[in-house]
Amino acid sequence: MAARSERVEWGGGGVHWLARLFDYKPFLIFMCLLPAVGLLVVFLTYPLGLGIWLAFTDARIGRGGEFVGLFNYELLFTDRIFWMSVGNTILYTVVATAGKFILGLWLALLLNRHLPFKSFLRAIILVPWIVPTVLSAIAFWWMYDAQFSVISYVLVDVLGWRDTYINFLGDAWNARWSLIAANIWRGIPFVAISLLAGLQTISPSLYEAALLDGATPWQRFRYITFPMILPILAVVLTFSVLFTFTDFQLVYAITRGGPVNATHLMATLAFQRAIPGGQLGEGSAIAVAMIPFLVFATVFSYFALARRKWQQGESNE
Amino acid sequence: MSEAKSPPVTTVAERTDVIAWESIPRQVVTIYVPLFCFVVILLFPFYWMTVTMLKSNEELLNYTDYNPLIVYSPTLANIYKLLFETDYPRWLTTTMTVSVVSTFISLFASVLAAYAIQRLRFKGSQWVGLAIYLAYLVPPSILFIPLATMVFKLGLFDSPMALILTYPTFLIPFCTWLLIGYFKSIPYELEECALIDGASRLQILWKITLPLAVPGLISAGIFAFTLSWNEFIYALTFIQSSEKKTVPVAVLTQLVEGDIYHWGSLMAGALLGSVPVAIVYSFFVEYYVSSLTGAIKE
């Protein structure tokens with residue numbers, strides 16, 4: 001393609017010099033990439049480097065920091081709240097991701113049937129994903145209210161399964177599970193719709209062949225469905241893990257890290273220390289501590305994508 | 001394009017019922033009951049928000065005399081209070097301005113970048129593509145602290161400009177990624193014909209490729225708009241004064257003052273704040289779902 005387009009560069013002579021400059025391919029490429037790459041370098045790459053630098057300084061709000069080496073990390077190493085936030089983040093990521101994928105896969109399998117109102121169902125199921133996270137988190141906040149929780153109302157007054165109202169957000173473990181539940185609720189639609197896209201590309205002839213060979217439903221799932229959606233599953237999983245691990249909004253909106261710092265994730269703790277607390281250096285150190293995990297997830301995603309291309313027999317462009 | 005992609009997909013899906021030999025009662029238990037539960041659980045919070053929004057104060061906190069799941073005497077007092085006694089309309093306009101402007105900036109930058117990567121094919125174009133894809137994997141929660149110091153130094157603190165300039169960092173990678181996929185589906189021969197007829201590269205982009213990529217532009221635009229409408233952590237960090245906040249931040253920080261939570265107004269604020277994205281989404285739901293699935297297949 002490159003060779004073909006080179007040939008025509010000689011056409012269009014005698015026009016304005018500016019027009020000719022824009023037909024000069026290297027210049028055109030440069031101008032086309034400039035806005036996107038420029039914005040990304042200034043507001044993404046540079047801050048990323050700046051954040052890593054800040055993590056090694058004692059910067060505060062309104063005062064540039066001086067290099068203090070690993071002091072921030074030494075401080076964090078003995079910080080009980082920091083380690084609790086690491087534990088919370090891992091628990092939150094593992095449990096919420098597992099929940100989202102099990103329920104999302106189930107929903108995708110249900111939606112893959114021949115159903116009435118199929119496109120309508122697909123559309124309304126995406127609603128929790130469309131609505132701004134913070135705004136639906138406010139609904140959960142109200143549903144988790146200690147005195148007027150509708151969940152407690154149903155369990156206690158309607159079904160009679162419990163005697164007392166649940167203190168959702170006042171107790172450390174209750175609060176953690178409540179946050180995980182809210183995160184799963186929000187994540188299911190995206191997982192389900194993405195996996196549905198994968199399910200729809202599986203040829204029914206595979207199932208027909210398996211049925212003729214006497215495969216049970218579980219075998220059909222295990223040996224046809226699952227391997228066929230594995231590539232998409234890997235990509236969606238990586239994104240989901242990445243965004244759950246670095247989640248901020250849901251926790252900030254529902255508990256703000258409380259009760260007594262028990263539900264802080266690394267992102268919310270970084271915010272707490274850096275912005276209201278003013279300790280930019282320490283906050284950056286917490287944020288930077290998330291990076292090794294992100295690199296791991298990215299590499300995983302890259303190899304999942306690469307493997308998928310190889311599976312489909314495409315050449316790497 | 002989406003039309004070209006979807007027909008084989010649906011025919012494949014329709015045929016799966018050929019092997020659905022299960023009896024009707026069994027189907028009800030294995031499919032319709034779980035599906036019904038999913039829909040109820042996924043939509044219940046919205047029902048609960050609506051109900052809370054329409055309740056009067058005495059009804060809201062009295063579960064013994066009133067069934068909380070039903071509104072006995074609906075009132076618009078909460079919405080009235082929100083619209084006329086708070087800065088809510090200003091928050092809406094701020095959010096709208098920021099979202100629209102950053103969406104257009106991102107679309108402009110993404111179209112050019114995607115065109116360069118996909119159509120102008122140069123040495124290392126796939127590396128630029130990969131780098132932009134990787135940029136999508138850098139989450140705002142590790143960037144907001146250094147960005148806050150930058151915003152402060154540039155004198156943009158507490159100004160919507162700070163949001164307009166930083167939102168494209170997570171919009172451009174996504175839009176570029178989506179548009180590369182779209183440009184791929186447009187036949188290259190069309191551009192060659194135009195080149196032979198003496199059109200310049202920019203004319204080709206403007207008059208041939210872009211009109212054909214309109215569905216892609218629409219879905220990229222919807223995604224960018226919803227993502228910037230939903231953005232939270234930058235808006236929370238960079239904006240301080242009440243009247244300049246965006247809706248998600250303002251509902252959470254401005255409507256909860258003191259110990260008494262005005263749940264009715266809070267729910268009204270949350271629901272009304274979701275309306276613009278819901279409208280955009282409902283108009284373009286087909287584009288949305290197909291491009292979502294298309295982007296993942298890409």
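Start by selecting A:Glu282 and A:Arg273: they form a salt bridge, with the closest N and O atoms 2.7 Å apart. (A salt bridge here is a side-chain nitrogen of Lys or Arg within 4 Å of a carboxyl oxygen of Asp or Glu.) A:Glu282 is buried, and so is A:Arg273; buried means under 20% relative accessible area, exposed over 50%, and partly exposed in between, using a 1.4 Å probe and protein chains only.

Before moving on, a word on what you're viewing. This is a predicted model, where local features need pLDDT of at least 70, side-chain atom pairs count only at pLDDT 80 or more, and totals for chains, interfaces and linings use all residues. Residues are numbered from 1 along each chain as its sequence is written, chains are lettered from A and ligands numbered from 1 in the order in which they are written, and side-chain values use heavy atoms, with hydrogens and water left out.

(Helices are DSSP runs of H or I, at least four residues, and strands are runs of E, at least two, numbered from the N terminus.) Together, A:Asp79, A:Arg273 and A:Glu282 are linked in a network of salt bridges.

Hop over to chain B and pick B:Glu191 and B:Arg119. Their side chains meet in a salt bridge (2.8 Å, N to O). B:Glu191 is in helix 10 (residues 188–196) of chain B and B:Arg119 in the loop between helix 5 and helix 6 (125–136) of chain B, 72 residues apart. Both B:Glu191 and B:Arg119 are buried.

Next, select B:Ser106 in helix 5 (residues 88–118) of chain B. Is B:Ser106 buried or exposed? Buried, with a relative accessible area of 0%. Leaving out residues up to four places away in sequence, B:Ser106 touches B:Pro168, B:Leu171 and B:Ile172, where contact means heavy atoms within 4.5 Å.

Last stop: show both chains. How many residues does the contact take from each chain? It takes 108 from chain A and 110 from chain B. Between chain A and chain B, the count of salt bridges is zero.
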